[in-house]
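Open the structure in your viewer and keep the selection tool at hand. The stops below say what to pick next and what to look at there.

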Amino acid sequence: MKKRNSMSPRAKFWTRLTVSALIMASLYTIAFAFTDLNMRKPDATFISILRRMFVDSWLNIETISEWIETGQLLGPLWNADVFADVPRYLSLMIETICIAFVGTLMGAVLAFPVAFFASNNMVGRFSFIGKNILSFIRAFPELVFAIIFVFAVGIGPFAGVLAIGINSIGMLGKLYSEVIESIDKSVLEALRSSGANQAQVIWYGVIPQIIPECLSYVIYRYEIDLRSSTVLGIVGAGGIGVPLMLYADNRNWEHVGMMLIIIILTITIVDYLSAYIRRRIV
């Protein structure tokens, strides 16, 4: 005889809430116990670094005319030495944009076959193979892939493109597979009943349904990849990350501030453009 659960919904709610709170408290305790949170003596304070990056010493100057004469009105924007390097920084930012674009394009194309292979409604019970491949790829961040490819193909943008591309396969493949699994099956059944083979079902039944949503995901993924590309240079994978790391190591915060201004403006523009395009597509 089946035993009835006598616990009321209110009791179930409080039991689950208590268990969840205990688990979260345990995880926080373990995390703080094994994390070293002691502060070391820094070379400079966070505020002083920000002032050198974006403001310089204008707070110590009394009048606007003195600010202009001393060339320190807008920090790195008015510093002649820093401003002379702006064309080089813009060139490296364009290289970073290209690394993200080519890597995202490579990932967007190669993710399609893996996504079909990871979809339940396409390959049935064998979809676990594709899902495990995508999970394996997503387990590694771009920076780890960049380190591997820098050793494999050498220092430069090509290593960054491969790192971005491989990582994008894992993320886009998962999103594609979820889109494929949510399509309208009646369209596929209608095509099969009219004598269409599997390739025709995919081409005329699946692709038209998934293209708008997948394209939206690709554009959104490009935003993420552009941000990631700016730091891949830290390990030698090209782009503006290379001088960013060198100047930060040398405590040359004025140049770091100028590069951050360029990165922020570029990513802001790309965010607005991609949001506009995604609204038009979906």
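Predicted model: local features only at pLDDT ≥ 70, side-chain atom pairs only at ≥ 80, totals over all residues.

Select Phe-13 first: this residue is partly exposed, with a relative accessible area of 48%. Here buried means under 20% relative accessible area, exposed over 50%, and partly exposed in between, with a 1.4 Å probe and protein chains only.

Residues are numbered from 1 along each chain as its sequence is written, and side-chain values use heavy atoms, with hydrogens and water left out.

Keep the two residues selected and look at their rings. A pair of aromatic rings is described by the distance of the centres and the angle of the planes. Rings of Phe, Tyr and Trp (its six-membered ring) pair if their centres lie within 6.5 Å; planes under 30 degrees apart count as stacked, over 60 as edge-to-face and the rest as tilted. The structure holds 7 aromatic pairs. One of them joins Phe-13 and Trp-14, edge-to-face, at 5.3 Å centre to centre and 75° between the planes.

Next, select Phe-140 and Phe-145. Their ring centres are 5.7 Å apart and their planes stand at 55°, so this pair is tilted. Phe-140 is partly exposed, at 30% relative accessibility, whereas Phe-145 is buried, at 11%.

Now turn to the cysteines. How many disulfides are there? The count is 0, where a disulfide is a pair of cysteine sulfur atoms within 2.5 Å. Select Cys-98, which is partly exposed with a relative accessible area of 42%. Then pick Cys-214, which is buried at 2%.

The protein chain has 13 helices and 0 strands, taken as DSSP runs numbered from the N terminus (helices H or I, at least four residues; strands E, at least two). Of its 282 residues, 36% are buried. A contact means heavy atoms within 4.5 Å; among contacts between residues at least 6 apart in sequence, 70% join residues at least 24 apart. With a surface display on, the chain exposes about 17,500 Å², and carbon and sulfur atoms supply 68% of that area, calculated by the Shrake-Rupley method with a 1.4 Å probe.
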